[in-house]
Amino acid sequence: MATIFTKIINGEIPCYKVAEDSKHIAFLDINPNAKGHTLCIPKEETNRIFDMGEQAYLELMQFSRKVAIGLEKAVSCKRVGVSVVGLEVPHVHVHLIPLNDMKEMTFQHKVKMTENEFITLAKSINSKL
Ligand code: AMP
């Protein structure tokens with residue numbers, strides 16, 4: 001069965017899109033650790049990151065780096081943290097998390113955002129790419 005992220009890629013469910021190229025898409029995490037928490041995913045569905053071919057893995061990291069640089073320009077933070085988990089959604093995704101405090105890397109600390117904030121932030125990050 002297609003993962004929820006494949007449904008996003010196919011346009012079956014909406015997302016707050018930040019960036020896209022032919023092989024990847026980046027969108028805001030719906031339950032963010034911090035404002036600007038972004039997920040970068042390959043369009044080809046793979047469960048575990050180290051099962052990706054080396055080329056596809058490197059391309060995902062290259063795409064994530066580009067998004068992270070834009071994110072750091074758009075959101076005030078000390079730095080952007082990177083994490084790969086995948087315990088909830090079995091479709092490779094790189095978490096990019098604007099950090100001001102270590103608690104934002106824990107996935108226990110969540111922030112609420114309005115629909116309008118999601119829309120504005122996604123556009124703002126995109127404009128910095
Ligand atoms: P994990 O698989 O543990 O790395 O976590 C999956 C992440 O995907 C969590 O941070 C969720 O908040 C996020 N997530 C789940 N569904 C969606 C969705 N429809 N749109 C955006 N983010 C999502």
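## A first look at this predicted protein model

The protein exposes about 7,500 Å² of surface, and carbon and sulfur atoms supply 52% of that area.

**Surface and charge.** The side chains include 16 positive and 15 negative ones, and the centres of these two sets lie 7 Å apart. Turning from surface to interior, buried residues make up 43% of the 129 residues in the protein.

**Overall fold.** Along the sequence they come in the pattern α-β-β-β-α-β-β-α. The radius of gyration is 14 Å, close to the 14 Å that the globule rule gives for 129 residues, so the protein is as compact as a globular protein of that length. Taken along the principal axes, the box filled by the C-alpha atoms is roughly 35 × 30 × 30 Å.

How do distant parts of the sequence come together here? Among contacts with a separation of 6 or more, 58% are between residues 24 or more positions apart.

**The cysteines.** How many disulfides does a search of the whole structure find? The search finds zero. A disulfide would need two cysteine sulfur atoms within 2.5 Å. The sulfur of Cys-15 has its closest cysteine sulfur in Cys-40, 12 Å away, so this pair is too far apart for a bond. Cys-77 is likewise in no disulfide, and its nearest cysteine sulfur, again that of Cys-40, is 14 Å away.

Is Cys-77 buried or exposed? Cys-77 is buried, with a relative accessible area of 17%, whereas Cys-15 is partly exposed, at 26%.

**A residue worth a look.** Phe-107 has a positive phi of about 65°, although it is not a glycine. Where does Phe-107 lie? You can find Phe-107 in the loop between strand S5 (94–99) and helix H3 (115–127). Phe-107 is partly exposed, with a relative accessible area of 25%.

| Residue | Relative accessible area | Class |
|---|---|---|
| Cys-15 | 26% | partly exposed |
| Cys-77 | 17% | buried |
| Phe-107 | 25% | partly exposed |

The class follows from the cut-off: buried means under 20% relative accessible area and exposed means over 50%, with partly exposed in between. Cys-77, at 17%, is therefore buried.

Note on methods: Residues are numbered from 1 along each chain as its sequence is written. This is a predicted model: local features need pLDDT of at least 70, side-chain atom pairs count only at pLDDT 80 or more; totals for chains, interfaces and linings use all residues. Side-chain values use heavy atoms; hydrogens and water are left out. Helices (H or I, at least four residues) and strands (E, at least two) are DSSP runs, numbered from the N terminus. The radius of gyration is taken over C-alpha atoms; the globule rule is 2.2 Å times the number of residues to the power 0.38. Buried means under 20% relative accessible area, exposed over 50%, partly exposed in between (1.4 Å probe, protein chains only). Contact means heavy atoms within 4.5 Å. Accessible areas come from the Shrake-Rupley method with a 1.4 Å probe; for residues, only the protein chains shown count as cover. Lys and Arg count as positive and Asp and Glu as negative; His and the chain ends are not counted. The place of a charge is taken as NZ of Lys, CZ of Arg, CG of Asp or CD of Glu.
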